[in-house]
Amino acid sequence: MSQLNAIGLETNKATELAEKLNTLLANYSVFYQNVRGYHWNIKGQKFFELHLKFEELYDDLRLKIDEIAERILTLGFSPEHNYSEYNKISKVKESPHVSDGVQAVSQILDAFKELIIQQRVLLDLSDEANDEGTNALMSDYIREQEKLVWMYSAFLK
């Protein structure tokens, strides 16, 4: 018989979910800081439009970072909180100084692609573990971000 954690999930499945959520947390955290940099440093003709869009995006990322960390805690584990560890495990890499809007939006699209890939893996794992909380979170994130990919892609074309 398998062991269950405090919310009734198999401990070994909860462990795997928490590990993948910590990786996702690292990616979100690096992405968040990149977007802050785009917001601060953007220049050019689309400054006003992008400055506001980047602020809207980093505010949303901040909320998602908190939700992911709280989900890790709900599963019975500790969220990673050190950028030194984030930089080791994140596939989204720190962005150099970017002031060009097209370059910033292109990097945002690359980050969304990576997040969506990781979230789909978590969606499958959470489904197998009967973890509705993680599953709903990932499903919501994927739906929102697919729409944002369409919108940011439209900006580039």
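Is Phe112 buried or exposed, going by relative accessibility? Phe112 counts as buried, because its relative accessibility is 1%. Buried means under 20% relative accessible area, exposed means over 50%, and partly exposed lies in between (1.4 Å probe, protein chains only).

This is a predicted model: local features need pLDDT of at least 70, side-chain atom pairs count only at pLDDT 80 or more, and totals for chains, interfaces and linings use all residues. Residues are numbered from 1 along each chain as its sequence is written, and side-chain values use heavy atoms, with hydrogens and water left out.

**Aromatic pairs**

- The search of the whole structure turns up 7 aromatic pairs. Rings of Phe, Tyr and Trp (its six-membered ring) pair if their centres lie within 6.5 Å; planes under 30 degrees apart count as stacked, over 60 as edge-to-face and the rest as tilted.
- Tyr32 and Tyr58 form an edge-to-face pair, because their planes stand at 90°, with ring centres 6.1 Å apart.
- Tyr32 belongs to helix α1 (residues 11–41) and Tyr58 to helix α2 (residues 47–74), so this pair ties together parts 26 residues apart in sequence. Helices (H or I, at least four residues) and strands (E, at least two) are DSSP runs, numbered from the N terminus.
- Tyr32 is buried at 13% relative accessibility. Tyr58 is buried too, at 7%.
- Phe112 and Tyr152 have ring centres 6.3 Å apart and planes at 40°, so their pair is tilted.
- That pair links distant parts of the chain, 40 residues apart: Phe112 sits in helix α4 (residues 101–128) and Tyr152 in helix α5 (residues 132–156).
- Tyr152 counts as buried, with 7% relative accessibility.
- Phe31, Phe112 and Tyr152 are joined into a cluster by ring pairs.

**Charge over a ring**

- Arg36 places its charged end over the ring of Tyr58, 4.2 Å from the ring centre. The criterion is NZ of Lys or CZ of Arg within 6 Å of the ring centre and within 35 degrees of the ring normal.

- Asn34 lies in helix α1. Its relative accessibility is 8%, so Asn34 counts as buried.
- Beyond neighbours within four places in sequence, Asn34 is in contact (heavy atoms within 4.5 Å) with Val92, Lys93, Glu94 and Ser95.
- Thr134 lies in helix α5. Thr134 is buried, with a relative accessible area of 0%.
- Leaving out neighbours within four places in sequence, Thr134 is in contact with Leu17, Leu21, Arg71, Leu75 and Ser126.
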